[in-house]
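Have the viewer open as you read.

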Amino acid sequence: MSNKCCKNHTDWQMKDAAIDLARLEPVLEQYDGVQGSLITILQKAQELYGYLPVDLLAYIAMRAGVKPAKVLGVATFYTQFRLNPVGKNLIMLCQGTACHVNGSAAIEEAIREELGVEEGAITPDGLFTYNNVACLGCCSLSPVMMIGEDTYGTLTPERAKEIVRRIRADG
Ligand code: FES
């Protein structure tokens, strides 16, 4: 795809019909021609849509005048970016060294049992996805998981299950 090949971007078709490109328009306009703004644009797109499907990355590349391969490279390099949809609550389960030593495998087992899905999958109710991640930076609380902005430390398998149940009860 050539850069800035067409201005008629309203014809762009997204596979995921829930992604309304018009919502991204103010962001693209705000950063139009601003050097070094690609990561910010991707962050804001992810805030809007929850994830960054490949056809959205291609659209951003076209609009920002950046090569699609570069946009894909940035989106796959940084762990903060997700290329697949996730549940409403993303559980990041730390598998760093301290958490591993303190029982993160048992926490994962409990989470998997409670959710009934494998890592990366969305629960049938759309509420949860869990991912194993590297050190979350709060090893003194290990084992640790984050759900959204909240950090839960010194977990036991039972406590991890309780946290998930509480969030599920709140919808
Ligand atoms: S190893 Fe889990 S928070 Fe550092």
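## What counts as buried

A residue is called buried here if 20 or more other C-beta atoms lie within 10 Å of its own. Keep in mind that this is a predicted model.

## The whole chain

The protein chain has seven helices and four strands. Starting at the N terminus, these elements follow the order α-α-α-α-β-α-α-β-β-β-α. The C-alpha trace spans about 55 × 30 × 25 Å along its principal axes. Of the 171 residues, 22% count as buried.

## Helix H2 and its buried face

Now zoom in on H2, which covers residues 38-49. Its 12 residues reach 16 Å from the first C-alpha to the last, close to the 16 Å expected at 1.5 Å a residue. Which residues of H2 are buried? They are Ile41, Leu42, Ala45 and Tyr49. Viewed down the helix axis, the buried residues of H2 fall within an arc of 95°, so they line one face of the helix. An α-helix has 3.6 residues a turn, so residues three or four places apart point the same way.

Those buried residues pack against helix H1 (25-30), helix H3 (54-64) and helix H4 (68-77). Just after H2 comes Gly50, with a positive phi of about 90°.

## Where H2 meets H3

H2 and H3 pack at an angle of about 140°, and their axes are 12 Å apart. That angle makes H2 oblique to H3. The crossing of H2 past H3 is right-handed. On the H2 side, the contact is made by Leu38, Ile41, Ala45 and Tyr49; H3 contributes Leu56, Ile60 and Ala64.

Note on methods: Residues numbered from 1 in each chain as written. Predicted model: local features only at pLDDT ≥ 70, side-chain atom pairs only at ≥ 80, totals over all residues. Helix = DSSP H or I, 4+ residues; strand = E, 2+ residues; numbered from the N terminus. Expected span 1.5 Å × (residues − 1). Buried ≥ 20, exposed ≤ 12 C-beta atoms within 10 Å, placed from the backbone. Arc of directions from axis to C-beta. Contact = placed C-beta atoms within 7 Å. Axes fitted to C-alpha atoms, helices over the stretch in contact; angles between N-to-C directions. Parallel < 35°, antiparallel > 145°, perpendicular 65-115°, else oblique. Left-handed = near helix turned anticlockwise from the far one by under 90°.
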